[in-house]
Amino acid sequence: MPRLSVLSGPSGVGKGTVVAKVRSLYPHIWVSVSCTTRAPRPGETDGVEYRFVSRDRFRELAERGQLLEHAEYAGNLYGTPRGPVEEQLAHGDPALLEIELQGARQVRAAMPEAFLVFLAPPSWPELERRLTGRGTEAPAQLAARLERAKVELAAEHEFDAVIVNDDVERAAAELVDLIEAQCR
């Protein structure tokens with residue numbers, strides 16, 4: 001039976017880009033869609049990148065135990081719906097979560113058998129460039145993300161494997177190789 005795989009890393013490292021590549025090149029890997037209370041970014045579609053929900057709906061899901069993990073990040077709430085993940089694993093299908101550090105720690109506590117993968121930037125200046133280049137946040141939010149990224153980078157040792165995201169296609173292939181190794 002496959003283990004749940006979790007991809008985490010600092011904001012701006014390219015988790016979403018790597019997962020999008022996994023979705024396009026390796027459709028047999030099921031990727032969980034998280035809920036969030038933040039507004040969609042340009043080009044995002046509800047139910048694809050995230051399920052965009054109100055704070056009230058999010059709180060309801062959390063209170064009912066319907067989230068595998070949840071956290072507040074940069075003023076918004078994020079969480080993983082429990083039901084779809086459990087269904088995939090029960091069917092014997094590989095399942096992947098893309099979540100931030102606090103969520104990865106919650107998954108580790110709830111499902112110790114989960115396989116946690118840390119996505120690292122090639123360098124700190126590159127991570128700064130990626131975060132700044134988004135142009136989607138106010139300076140105070142950007143500064144908070146940069147400070148948090150320093151803390152998140154220090155947690156790399158908590159993970160079962162590390163992938164450096166210096167090439168998206170290679171990083172996606174390496175991630176899939178790790179996921180498939182967990183299914184054997």
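**Entry 1: Ser11 and the ground rules**

I looked up Ser11 and found that, at 5% relative accessibility, it counts as buried (buried means under 20% relative accessible area, exposed over 50%, and partly exposed in between, with a 1.4 Å probe and protein chains only). Ser11 is found in the loop between β1 and α1 (15-25), where helices (H or I, at least four residues) and strands (E, at least two) are DSSP runs numbered from the N terminus. I also noted that Ser11 and Gln88 are 77 residues apart along the chain, and that their C-alpha atoms are separated by 27 Å.

I remind myself that this is a predicted model, in which local features need pLDDT of at least 70 and side-chain atom pairs count only at pLDDT 80 or more, while totals for chains, interfaces and linings use all residues. Residues are numbered from 1 along each chain as its sequence is written, and side-chain values use heavy atoms, with hydrogens and water left out.

**Entry 2: Ser8**

Next I turned to Ser8, which lies in strand β1 (residues 4-8) and counts as buried at 1% relative accessibility. Setting aside neighbours within four places in sequence, I listed its contacts (heavy atoms within 4.5 Å), among them Lys15, Ile99, Val117 and Phe159. Glu100 is also in contact with Ser8, and the backbone oxygen of Glu100 lies 3.5 Å from a polar atom of the Ser8 side chain.

**Entry 3: the sheet**

I then traced an open sheet of four strands, in the order β4-β3-β6-β5 and with mixed pairing (two strands pair if DSSP finds at least two bridges between them). Because β4 (50-52) and β5 (67-73) stand at the edges with a single partner strand each, one side of each is left without a neighbour in the sheet. The twist averages 25° from one strand to the next, where axes are lines fitted to C-alpha atoms, for helices over the stretch in contact, and angles run from 0 to 180 degrees between N-to-C directions. Strands β5 and β6 (residues 76-81) run antiparallel and are joined by six bridges, and I found Leu67 opposite Pro81 in β6.

**Entry 4: helices across the sheet**

Helix α2 (residues 55-63) lies across β3 (34-36), β5 and β6, and runs at about 140° to β5. Helix α3 (residues 82-90) lies across β5 and β6, running at about 30° to β6.

**Entry 5: Ser32**

Last, I looked up Ser32, which is found in the loop between β2 (30-31) and β3 and is buried, with a relative accessible area of 8%. Not counting residues up to four places away in sequence, Ser32 touches Arg23, Thr80, Val85, Leu96 and Leu97.

Methods: Polar contact = N/O pair within 3.5 Å; in protein donor to acceptor, adjacent residues only side chain to side chain.
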